[in-house]
Amino acid sequence: MTATRVLVLNSGSSSVKYQLLDMSDASRLASGLVERIGERTSRLKHTPLATGGGSRERTGPIADHEAALKAVAEELAEDGLGLDSPELAAIGHRVVHGGKTFTEPTVVDDAVLAEIERLIPVAPLHNPANLTGIRTAQALRPDLPQVAVFDTAFHTTMPEAAARYAIDTETADAHRIRRYGFHGTSHAYVSRATAKLLGRAPEEVNVIVLHLGNGASASAVRGGRCVDTSMGLTPLEGLVMGTRSGDTDPAVIFHLARVGGMSIDEIDTLLNKRSGLIGLCGDNDMREIRRRIDEGDARAELAFDIYIHRLKKYIGAYYAVLGRVDAVAFTAGVGENAAEVRAAALADLETLGLAVDGALNAVRDDRPRLISPAGSRVAVAVVPTDEELEIATQTYALAGRY
């Protein structure tokens, strides 16, 4: 029996998202989420996609990630998809930060675990949880390849001119300060899917990818390789996001510390959790913001305008970086569903060959599609992202050589 299944795990600090895929046809067999791990109100929602059955839920305390993955294994076993199945080829793990070391998916060993741990200071919220998920999965199936797929890997092709900050080089190198970028699996998948939508090879296409969710990032992709991206050392840099400020004058931090009397931790919380859309208008749900705008809410309208202004600046900047743009692709929750955002972001850019067809833009669909007028110099696309499939594809390709 050929092993063709891949379990994809995305381990957060108090949650585990998972999907089981059969890579013989890229079909999804099951998916689910364990949330509020470590609390009395833990919840596991499991959906057996292969059988077409309805979702199942279990509630009650789930003490830690080991207990969470054991619960996931039990749910999968109930559907005949247990982790002990000989059809399971590998387990793929999303790891947020791989630094400069990991430029591609990597089979996990002790040295890899040690390096992921060494990178915790630059990803303190994510890498510890990712490590816990890997170690727990190793304990459950020590015989299987465990593959780490890094959010930062796709962006390691950026030239030094884009990756370096203009600060003292020795200080930067000593503390690993540079622009790493994030959402890499999404940017990789969407840039390739956009090329396919255009009927061209990724190597022939220059794409600006706009990953717009609660977290948001843009990338400039030339011939399948990232040459710039909006997030930097951390996911705080770049676009206006749901709760993150994005680009801010660094002196704001000094000012808040010296004049506002705020601690570093308080400023960190302000910029990461109380800024962006929620800081500007009290909402970080684009649907609610648009509803408020329709009712004449000036604060919501200003928040939307600031969001769009920043987004438009990055589109223009990456157009300049690429020199030639074949497509602009919108993806993730806001990018895929908010027609108003897409229209506003590209408004008045016809001289750059960018335009949106109103009727096409208004269509809701879960398939990749073009929303630019026929004959446009630059294609505008909506491409639903699929990070789990991307992780599974990379994991399966690597496990086959293991």
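Student: Let's begin with strand β8. Is β8 buried or exposed, and how many of its residues show that?

Tutor: Keep in mind that the model is predicted. A residue counts as buried when its relative accessible area is under 20%. In β8 (residues 146-150), five of the five residues are buried, so the strand is largely enclosed by the rest of the structure.

Student: Which way do the side chains of β8 point?

Tutor: Here's the general idea: in a regular strand, side chains alternate between the two faces of the sheet. In β8, Gln146, Ala148 and Phe150 point one way, while Val147 and Val149 point the other way.

Student: Which strands pair with β8?

Tutor: Look for bridges; two strands pair if there are at least two between them. Strand β6 (residues 88-95) runs parallel to β8, with five bridges, and Ile91 sits opposite Gln146. Strand β7 (residues 106-107) is antiparallel to β8 and joined to it by two bridges; there, Val107 faces Val147.

Student: What about the open sheet: what is its strand order?

Tutor: Read across it as β11-β10-β9-β12-β14-β13, six strands with mixed pairing. The edge strands are β11 (225-229) and β13 (369-370); each has a single partner strand, so one side of each lacks a neighbour in the sheet. Further in, β12 and β14 are parallel over four bridges, and Ala327 has Ala379 of β14 as its bridge partner.

Student: Now the cores. How many residues are in the largest nonpolar core?

Tutor: The largest one here has 43 residues, and Leu212, Tyr307 and Val341 have the most contacts inside it. Elements giving two or more residues to this core include β9 (206-212), β12 (327-331) and α13 (339-346). Helix α11 provides the largest share, 11 residues.

Student: Which residues does Val341 touch?

Tutor: Setting aside neighbours within four places in sequence, Val341 contacts Leu212, Met286, Phe304, Tyr307, Ile308, Leu311 and Val334. There's also a second, separate core of 30 residues, with Val6, Ala195, Ile391 and Leu398 among them.

Student: And how many cavities of 30 Å³ or more are there?

Tutor: A cavity is a space where a 1.4 Å probe fits but cannot get out. The count is one, and the largest cavity holds about 40 Å³. Its lining includes Ser191, Arg192, Ala195 and Val221. By class, that lining has five nonpolar, two polar and one charged residues. Helix α6 (residues 184-197) gives the largest share, three residues.

Note on methods
Residues are numbered from 1 along each chain as its sequence is written. This is a predicted model: local features need pLDDT of at least 70, side-chain atom pairs count only at pLDDT 80 or more; totals for chains, interfaces and linings use all residues. Side-chain values use heavy atoms; hydrogens and water are left out. On a 1 Å grid over the protein atoms alone, a cavity is a set of points where a 1.4 Å probe fits but cannot get out, and a pocket is an open set with protein on both sides within 12 Å along at least five of seven lines; lining residues have an atom within 4 Å of a point. Grid points are joined across faces, edges and corners, and a volume is the space filled by probe spheres set on the points. Ala, Val, Leu, Ile, Met, Phe, Trp, Tyr, Cys and Pro count as nonpolar, Asp, Glu, Lys and Arg as charged, and the others, Gly among them, as polar. A nonpolar core is a set of buried Ala, Val, Leu, Ile, Met, Phe, Trp, Tyr and Cys residues joined through side-chain atoms within 4.5 Å. Buried means under 20% relative accessible area, exposed over 50%, partly exposed in between (1.4 Å probe, protein chains only). Contact means heavy atoms within 4.5 Å.
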